[in-house]
Amino acid sequence: MSENIKIITCTGYGNSGSSAGTDFLKEFDSISVPCNNFECTFLHEPDGIADLAYALEVEPHRLKADLAIKRFLDLISRLNKNYGYRSHFKNTFQPIMTEYIQELVDCTWKGGWHRAYEEETLSLKENARRDFSVMYFEEVYKKNLHNEKKQSLYEPDNWQRQYLPYVTQYYTNARETFISVTKKYLYKLFAQLPYGNADYLALDQLLPPISHRLYSRYFDWIRTIIIDRDPRDLYIASKFFWGSRYIPLDNIDTFITWFKSTRSERLTDTSNNVIYIQLEDLIYDYENAKNKIIQFIGISPEKHKTPLKFFNPQKSCVNTRLWTKYNFYNDDIKKIEQELTPFCFDYSKYNFNEMNSRKTVDFMFHDLQHEADTMRIKKHISLKLRFLYFKRKLIRCALDAAIVKTMQWFKREKKTPALCFRFLIKFGVYATFFPFYYLYEILKAIINFIIM
């Protein structure tokens with residue numbers, strides 16, 4: 001990928017509607033959105049590039065650098081294995097990020113210190129030797145107390161001998177190179193995405209909605225669209241549909257404090273490469289919000305080739321004004337309106353009818369959510385939920401089976417003779433073991449059904 005490619009990212013605060021912005025960008029023929037339903041968050045994940053930057057660039061302490069690098073490599077491995085990075089980046093994500101670390105690091109050696117093993121998996125033999133060494137050296141120390149010829153070091157603290165396994169240790173002082181090397185490998189990574197001849201590459205959640213200046217410095221050109229939604233809808237939707245535990249919902253005062261704190265930058269931010277869009281504006285004031293985004297990016301309006309194909313305000317409006325339909329928390333909504341007035345969308349100039357109301361049967365969500373919320377204090381789980389779990393578990397196990405994943409992989413890839421041969425071998429092996437795998441999963445589901 002050329003460093004001339006322009007990056008756009010839509011981001012939010014969690015369930016705040018950033019996917020609506022990404023869907024909107026899909027309608028432009030000069031913007032490539034290659035990763036569908038994928039949040040590319042590795043820059044600002046805990047132990048991600050921001051934490052790595054502090055340890056290697058801001059304060060390159062010898063031990064912090066070692067642990068930060070190990071945690072970053074562990075994060076990369078987890079994201080690659082469990083969160084879709086391997087498939088979206090065509091098996092290059094972990095190799096490129098490992099090469100990135102290799103270029104940053106000044107030196108490595110086999111060493112160790114008291115926290116060097118937090119990201120290492122030691123063998124049972126090594127752990128046994130560590131435990132044994134403490135006892136062994138204590139005994140040796142006691143025997144030498146009365147030995148006039150014992151050797152000692154003049155130290156102000158009492159150092160205890162012990163066996164420490166050798167592990168890889170890292171150090172670097174990357175104050176002068178961190179930004180340039182990071183930028184180089186980010187562009188190398190994004191070059192693996194199929195963006196074609198597009199002028200812009202759009203990735204969901206690439207930057208966070210706060211402290212975005214820490215991350216925009218890694219790109220020659222980037223624009224961040226931060227989308228937020230009415231806190232009343234966020235509160236009700238989280239209660240009824242998502243059950244998001246990273247949003248505090250047990251106490252309305254805690255929710256209000258959390259909302260204010262997470263949006264503290266929003267009311268004062270004046271950055272040129274960031275724009276704040278209210279989700280409700282994109283729905284109810286579509287033309288103005290659309291023009292605002294187009295002007296912010298600097299893209300020609302003529303490039304909007306398929307308007308309303310991926311983001312249709314007429315469809316999205318059913319996800320707004322949820323608090324008017326669910327009247328279980330009227331007191332909480334009044335408090336939100338009082339405390340979070342600047343963030344509440346002004347609906348007074350709009351007329352609403354039944355077309356704006358959700359048509360699905362929603363009472364079930366409240367019943368299930370109520371049971372889920374009280375599960376912590378109730379030891380009995382109803383048969384209704386148990387059977388729901390059993391049904392979903394069997395379906396999920398079937399979809400997660402290796403034979404199904406292999407068929408999905410074969411469907412995506414270009415059909416070459418070598419690939420077809422690999423597919424036939426894999427399919428045959430996985431088909432042989434599938435009955436045993438599925439029987440094992442059924443037995444586990446039955447046991448869980450009984451004991452939960």
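This is a predicted model: local features need pLDDT of at least 70, side-chain atom pairs count only at pLDDT 80 or more; totals for chains, interfaces and linings use all residues.
**Notebook: helix pairs, sheet and cores**

**Entry 1. H2 with H5**

I then listed the residues that make the contact. H2 contributes Ile 49, Leu 52 and Leu 56, while H5 contributes Tyr 100, Ile 101 and Leu 104. By class I counted 6 nonpolar residues here, with no polar and no charged ones.

**Entry 2. H3 with H5**

Next I turned to H3 (residues 62–82) and its packing on H5 (residues 93–104). Their axes are 9 Å apart, at an angle of about 170 degrees. An angle over 145 degrees counts as roughly antiparallel, which is why H3 is described in that way relative to H5. On the H3 side I found Ile 69, Phe 72, Leu 73, Ile 76, Ser 77, Leu 79 and Asn 80 in the contact. On the H5 side I found Phe 93, Gln 94, Met 97, Tyr 100 and Ile 101. This contact of H3 with H5 divides into 9 nonpolar and 3 polar residues, with no charged residues.

**Entry 3. The sheet**

In what order do the strands of the open sheet lie? I read the order as E2-E5-E1-E6-E7, with 5 strands and parallel pairing. Strand E2 (31–32) and strand E7 (274–278) are at the edges, and each has a single partner strand, so one side of each lacks a neighbour in the sheet. I also noted that H12 packs on the sheet, where it touches E1, E5, E6 (222–228) and E7. The direction of H12 makes about 170 degrees with that of E7.

**Entry 4. Strand E5 and its partners**

I then followed E5 (residues 200–204), which is joined to the parallel strand E1 (residues 6–11) by 5 bridges. Across this pairing, Lys 6 stands opposite Tyr 200, and Ile 8 stands opposite Ala 202. E2 also runs parallel to E5, and 2 bridges join them. Here I found Ile 31 opposite Tyr 200.

Are the faces of E5 covered or open? I found both faces covered: Tyr 200, Ala 202 and Asp 204 are buried on one side, and Leu 201 and Leu 203 are buried on the other. In count, 5 of the 5 residues of E5 are buried.

**Entry 5. The nonpolar cores**

I looked up the largest nonpolar core, which has 51 residues. Those with the most contacts inside it are Ile 8, Leu 25, Ile 31, Ile 225, Phe 255, Ile 297 and Ile 336. Helix H12 (residues 286–297) gives the most to this core, namely 6 residues. Apart from it I found another core, of 47 residues, including Ile 49, Ala 68, Phe 178 and Leu 189.

I followed one member of the largest core in detail. Leaving aside neighbours within four places in sequence, Leu 25 is in contact with Ile 8, Cys 10, Ile 31, Val 33, Ala 202 and Ile 297.

**Entry 6. Tyr 13**

I placed Tyr 13 in the loop between E1 and helix H1 (18–25). Its relative accessibility is 11%, and Tyr 13 therefore counts as buried. Beyond residues up to four places away in sequence, Tyr 13 touches Pro 209, Ile 210, Ile 226, Ile 227, Asp 228, Trp 258, Thr 262, Arg 263, Arg 266 and Tyr 276. For Ile 226 I noted a sequence separation of 213 residues from Tyr 13, with the two C-alpha atoms separated by 8.5 Å.

**Entry 7. Ser 216**

I found Ser 216 in helix H8. Ser 216 has a relative accessible area of 15% and is buried. Not counting residues up to four places away in sequence, Ser 216 touches Leu 207, Ile 222 and Asn 273.

**Entry 8. Positive phi values**

Most residues other than glycine have a negative phi. I recorded two residues with a positive value. Phi of Asp 47 is near 75 degrees; Asp 47 lies in the loop between E2 and helix H2 (49–58). Phi of Ser 211 is near 55 degrees, and Ser 211 is in the loop between E5 and helix H8 (213–216).

Finally I looked up the exposure of both. Asp 47 is partly exposed, at 28% relative accessibility. Ser 211 is partly exposed as well, with a relative accessible area of 32%.

Notes: Residues are numbered from 1 along each chain as its sequence is written. Side-chain values use heavy atoms; hydrogens and water are left out. A nonpolar core is a set of buried Ala, Val, Leu, Ile, Met, Phe, Trp, Tyr and Cys residues joined through side-chain atoms within 4.5 Å. Buried means under 20% relative accessible area, exposed over 50%, partly exposed in between (1.4 Å probe, protein chains only). Helices (H or I, at least four residues) and strands (E, at least two) are DSSP runs, numbered from the N terminus. Contact means heavy atoms within 4.5 Å. Axes are lines fitted to C-alpha atoms, for helices over the stretch in contact, and angles run from 0 to 180 degrees between N-to-C directions. Angles under 35 degrees count as roughly parallel, over 145 as roughly antiparallel, 65 to 115 as roughly perpendicular and the rest as oblique. Ala, Val, Leu, Ile, Met, Phe, Trp, Tyr, Cys and Pro count as nonpolar, Asp, Glu, Lys and Arg as charged, and the others, Gly among them, as polar. Two strands pair if DSSP finds at least two bridges between them.
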